[in-house]
Amino acid sequence: MKQILLADNIYYVGVNDRKTDLFENHLSLPDGVTYNSYLIVDEKVTLIDPVEAEFMSEYLYKIKSILGTRKVDYLVVNHDEPDHSGSVYAIIKEYPEIQVVGNAKTFGPLEAFYGSIENKKIVADGESLSIGKHALHFYTMPMVHWPESMATYDETTGIVFSNDAFGGFGTLNGSVFDDEADMTGYEDEMLRYYANIVGKVSAPTMRALQKVATLKINMIAPSHGIIWRKNIKYVVDKYLQWAQHQGQKGLVIAYGTMYGNTARMADIIAKGAADAGVKEIKIYDVSKTNMSYIMRDVWKYTGVCLGVCAHYNSMFPPMSLLTYELTDSKPQNKFYGIFGGMSFSGGGVKTLNAIAESAAWNVVSEPVEVKGAPIREEDVEKLYNLGMSLGQKL
Ligand code: FEO
């Protein structure tokens with residue numbers, strides 16, 4: 001088969017997943033995802049990060065097409081989540097003498113998932129391992145994305161194998177490198193990955209970025225998506241921007257509606273924001289759009305306006321997932337607006353407002369609650385003014 005080389009004797013052996021509909025069974029994958037893995041053929045043969053279990057036969061074919069009958073000596077597990085570690089057991093079965101390399105926090109979860117591992121090598125933060133011409137250094141990155149997460153840095157080539165950090169959704173179609181692939185829309189898919197996988201651990205991400213800042217990095221090879229070898233500064237700057245909660249001018253309006261009245265309110269608010277000079281306005285129905293896209297745009301923009309109809313004295317249930325994500329991820333530096341419909345009892349706006357108070361959101365003006373449809377001039381004016389107020393703040 002045609003091999004993909006990152007550098008002399010460093011091979012890409014990852015796989016494309018175009019079958020899975022939902023990443024972690026909740027994040028939409030219209031363009032698939034990759035599980036990147038790397039093989040370093042040196043005096044000791046080293047695999048870095050295996051792949052999801054279902055792809056084992058394709059993965060093994062790729063490894064063997066490079067190695068033939070030669071054995072793999074080390075398997076570096078940068079992260080225990082099964083999208084990567086799912087094939088650990090099968091790799092150990094194939095290469096029984098392999099040493100599994102992880103840090104002090106790696107083997108608890110790994111053995112809980114797959115059973116006991118006899119041949120393990122526990123490395124400390126900053127420890128190095130010579131495999132011949134290449135010297136690998138291991139840097140722990142707690143909570144990016146799990147407690148045991150780490151990055152592996154090859155001092156010889158300046159490649160950092162960053163695991164989830166710098167990952168993005170979408171398969172790799174032809175080339176794996178940023179300077180060769182069609183990058184149209186990739187920033188959005190990388191941000192969607194960041195917002196939904198890494199966003200809530202932005203503080204540890206900043207610490208991890210600071211930790212590797214002193215390294216001479218020639219290439220960033222994550223475990224999902226594009227490998228960065230040309231636009232390294234661009235991608236590091238993006239990560240710094242996202243980890244520091246720096247949004248851009250724009251407004252996300254997300255609503256939950258049963259009969260369309262709250263959707264009509266969203267359009268009036270959008271008109272107010274547009275008249276205040278906001279160009280980038282995204283409107284989403286929480287019953288229809290996968291939450292990962294809404295959270296991506298929450299991370300991207302500085303304005304968030306939530307609207308919901310009442311449902312038995314509370315709020316329409318599909319909005320709960322979004323408010324959960326917002327209160328859990330805690331995106332910062334946002335301006336919020338709240339609106340909704342009363343139905344027969346009210347309660348939607350009241351519930352949203354209570355969540356906003358409890359989370360100390362920066363709500364820019366009084367919530368707007370409309371009885372029935374937004375057809376009375378007074379209600380239209382309040383909704384328009386809410387959009388205008390938000391627009392002026394952004
Ligand atoms: Fe790609 Fe957190 O695993």
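Colleague: In what order do the five strands of the open sheet with mixed pairing stand?

Modeller: This is a predicted model, in which local features need pLDDT of at least 70, side-chain atom pairs count only at pLDDT 80 or more, and totals for chains, interfaces and linings use all residues. Residues are numbered from 1 along each chain as its sequence is written, and side-chain values use heavy atoms, without hydrogens and water. Strands are DSSP runs of E with at least two residues, and helices are runs of H or I with at least four, numbered from the N terminus, while two strands pair if DSSP finds at least two bridges between them. The five strands form an open sheet with mixed pairing, in the order β12-β13-β14-β15-β16.

Colleague: Why is one side of β12 and of β16 left without a neighbour in the sheet?

Modeller: β12 (128-130) and β16 (219-222) stand at the edges. One side of each is therefore left without a neighbour because each has a single partner strand.

Colleague: Which residue in β13 is the bridge partner of Leu129?

Modeller: β12 and β13 (residues 135-140) run antiparallel and are joined by three bridges. Within β13, the partner of Leu129 is Leu136.

Colleague: Which residue in β11 stands opposite Val101?

Modeller: The open sheet of seven strands, with mixed pairing, has the order β1-β2-β7-β8-β9-β10-β11. In it, β10 (residues 99-102) and β11 run parallel, joined by three bridges. Opposite Val101 stands Lys121.
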